[in-house]
Each structure stands twice: as C-alpha cells, then as structure tokens.
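Please look over the structure below before reading on. The numbered points follow its strands, then a surface patch, then some backbone angles.

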Amino acid sequence: MPGGGFRELGGSLPAIASLNTSYSTSLSLPSPYLLVPPAERKAISDVRRTFCLFVTFDLLFISLLWIIELNISSSIWDSLKDEVVRYTYKSSFFDIFLLALFRFLCLQVGYAAFRLKHWWVIAVTTLVTSVFLVVKVIVSSREHDMVSVSSQLLSQNVFGYVIPITSFVVAWLETWFLDFKVLPQEADDERAYLAAVNASCERAPMIYPRAVSDGQFYSPPESVAGSEEDLDEEGLGRRAVTSQDKEYVSQGREAMSVVEQILAQEDNWKFEKNNDTGDSVYTLEIPFHGKTFILKAFMQCSAELVYQEVILQPEKMVQWNKTVSGCQILQRVDDNTLVSYDVSSGAAGGVVSARDFVNVRRVERKRDCYLSAGMATDHDAKPPVGRYVRGENGPGGFAVLKSSSNPSVCTFIWVLNTDLKGRLPRYLIHQSLAATMFEFMSHLRQRIADLRPSLRPHHHHHHHP
C-alpha cells in the first residue's frame, strides 16, 4: 500500500518478502482497467485464448492421428488415394479429419473472430460431431459380415477405435471448457468491470466539479476545508498541473475505485484465518490483479486516532511499525494525492532482503469512514536501485470505519495486493501474508496504547464545543 500499507509487508514476512512469484503482475493489465471503455480493455480474455488454443490442438491432434493411420498399412500416397479418391463412408477416416476441420473453422470464427458470448456454435459442432461419429461406427460394424473384413473401419487397425473415440472426447471437452470456464469467467469479469465503471461514474460528479474554478480551494470530498486534520496545511488548494500529476491522480482514483468495490463485496470475501485477538484475514480474487488479502480488525479507540496514525502520517510509521525501515513522501500531488517511497525491513535474519516500493496514494474522508487507497507507480526521484528489490503493489489500502453507536471504537480494514518479485512459491507467500498482517495489527495496537495517556485530555477538550 502506499505509504503505510504495503510496506509492512516485506518486513514481517519472514520468508516472504523475497519470495514471491509474480502472481499479481501476471494478471495485471498495463492500462488502467477500471476507467477505460470496454473496447479498450483486453481484446480477448485469457480463458478464451486458452479455449482457442485447445480448438487448434484438436485439429492438429486428429490430423496427426490420421497421418499416422495413413502410414500404417501402405505408403502414404496409396493410402491417401484409397481414403480420399476412393472415399467410402464406411471405411475411410478422411471424413473424421474433415469433421475436425469443420469444428476448427466454426469455433475459431465464432469465438475468436466474432467473440460470441453464446454457446450455440459449440452446440452445433458438438452435436454434428457426436451424431456423425455414432452413425459412422454403427454403419461400419453393421455390414461386418457382407464386406470383406479388410475394408472395415473397426477391423483395419487400432485406429479404427482411436480416431473416432478421440474426436468424440475432444469435442465434448471443448463444450465443457467453453460452458464451465470461458463464459462464466467472462461474465464475472464483465460484472466487476461494470461495477467499477458505475462506481467511478457515481463518484465523479462529487470529485470533478470541485476542482473547476481556480479560486476555489479543493478539499477532500465530504470533509471540511481547514479542519484540523487537513492533509497539508501549507498546501491547501494544491492541484495537479502537469500531465504526470494528472496521471498520479487518475491512478489514485483507480485504486480508490477498486478498494471501494472490494469493501462493497464483503459477502464474497473468503475467510482464511484469525488470531486470538479476533482479527481475521480474508482473500478475494479480483480481475487482472489476482489474489487480494483483507485484514479486518475491531479496535478499542476512535476512528480519528487510527486515521491520524496509519493514514495521515506514513512517515512516522517507522517509529512504531518494526516491519518498515523507511518512508519518505516524494511528492504531494494535490490535497488528496501523494507519492511515497517505502522500504520494508529485511526479515528472517536477513534471508529475505529488504524491498522498496513507490506508491501513489489517495486519501478521502467520508461521513462514516476514512479511506486511503493506492498502488505501485514510478517517480523520477526514485528509480529502482540495485540495493533493494523493487516490489510492486496492486490496488489496495486502508479503511477506518466509524461505529454509528459508539465513537470510541472503530473497525480497521487493510486491503493488500502485492507482488514481492521474489522466487519463492506462491502458496508460501500467501501463508505468511496473514502472519504479517496480524503482526502489523499488534504493532498498531501497541502504538495506540502508548498514545492513550497523552491523548486523553486532548481528546476530552475536543468533545466540548
């Protein structure tokens, strides 16, 4: 996560930090996936590409079997004359090859060229294949007594069995793959995409008009300009100017949009593990970024305090969060957006080297919650250096939810999607991520406990008008 978040990661992961295989990047798209019109997303989805590959395999495999069969009894040219020129339905394999060609053409035209989202093409090809093969096998064996044995399909050689059976199985495998994998997966991605677009459209009116008139200060949505926690007093009204700044702002908005979607989908979170304190870690697969980890913890302190410590002052996190060895704010882009450079401590007695991250982060204050969301970016001030392995964060962040009934408790949620660019197996990293998140929580609770004595009078004084 930007400033605060993702860095803890590297630190406490004993083995993890250097271990990662790149699961998030293999899925991540270079273009900001959330805010582009559908046509500019991926031309063809990964599952659909795999399906088209399998259809090609079907054609090549049947062709290979047929060529081997042609070579078995006599030279290939004689056999070709036999099967193609003197073609008979009962004893030639040529039509099974043509059937494979028919499947290949129909499916590639339907699902690759026209990218149909319906199953009717595969229904036709599989039906034709099944009927044709069943009839062919029945007809060939029925005439067994009348025709000399040599001309029989099934008694010629083992291929009499292999080719029809293979064609049949492969045709049904294609059907299963399209119906169970390709179409549902694409429908899910489409739903997530539309949700993202809707989320960005709903939020847009709230965000854009504010920045229009130059004379007007731009403060985070639904917050009070000049309130005591303003992000940066001297820079109130700071606004993105250059195209690079605008790029940071749009990356921040994209990350915020993904985090809001993740928070909205709590029913779909998959429980992974919890600890004695009652904190729980969940996971959620998100399109293009892979597995995202979500920590949910209930805290006995006000939301403002957690907001102050975790979201507003990432640079100070080094003092209390042992998993981080450095955080520096490289640039404050506008009142909601900043770019930070974060270094995680080495872990496991130095087995895991330190990681560094450059994150863009967006902060928003709402009536009932504080949000901070970010993702990896590039900044001229900090190109990757040999000293650290540069990690890469997908969209993630922190949310601090106020309690409607009791102002002195809150819910803290940390959404983490990271790629540590190491070489260790993915499952290992996944196991340790939960441990890291729990460790971060124990540091945070300790920090809040240390602050408590000094804060009480200060807070008391606030609550009186």
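1. Strand β2 and strand β3 (residues 290–299) run antiparallel and are joined by seven bridges. Strands here are DSSP runs (E, at least two residues), and helices are DSSP runs too (H or I, at least four), numbered from the N terminus. Two strands count as paired if DSSP finds at least two bridges between them. Within this pair, Glu285 stands opposite Lys291 in β3.

2. On the basis of the model: it is predicted, local features need pLDDT of at least 70, side-chain atom pairs count only at pLDDT 80 or more, and totals for chains, interfaces and linings use all residues. Residues are numbered from 1 along each chain as its sequence is written, and side-chain values use heavy atoms, with hydrogens and water left out.

3. β2 also pairs with strand β1 (residues 270–274), in the antiparallel sense and over four bridges. Asn274 has Ser280 in β2 as its bridge partner. The two strands form a hairpin with five residues between them, and Gly278 in that turn has a positive phi of about 95°.

4. How many of the seven residues of β2 are buried? Six of them are, so β2 (residues 280–286) is largely enclosed by the rest of the structure. Buried means under 20% relative accessible area, exposed means over 50%, and partly exposed lies in between (1.4 Å probe, protein chains only).

5. The hairpin of β2 and β3 has three residues between the strands. Phe288 is in this loop, and its phi is near 70°, a positive value in a residue other than glycine. Phe288 counts as buried because its relative accessibility is 13%.

6. Arg115 lies elsewhere, in the loop between α5 (94–113) and α6. Arg115 has a positive phi of about 50°, although it is not a glycine. With 39% relative accessibility, Arg115 counts as partly exposed.

7. A nonpolar surface patch of about 1,000 Å² includes Val134, Ile138, Trp172, Leu173 and Trp176. The elements giving two or more residues to this patch are α6 (120–142) and α8 (159–207). The most comes from α8, with eight residues. Patch residues have over 30% relative accessible area and no salt bridge; nonpolar side chains (Val, Leu, Ile, Met, Phe, Trp, Tyr) are joined within 5 Å, like charges within 9 Å. A salt bridge is a side-chain nitrogen of Lys or Arg within 4 Å of a carboxyl oxygen of Asp or Glu. Areas come from the Shrake-Rupley method with a 1.4 Å probe; for residues, only the protein chains shown count as cover.

8. One patch member, Leu173, is in helix α8. Leu173 counts as partly exposed, at 39% relative accessibility.
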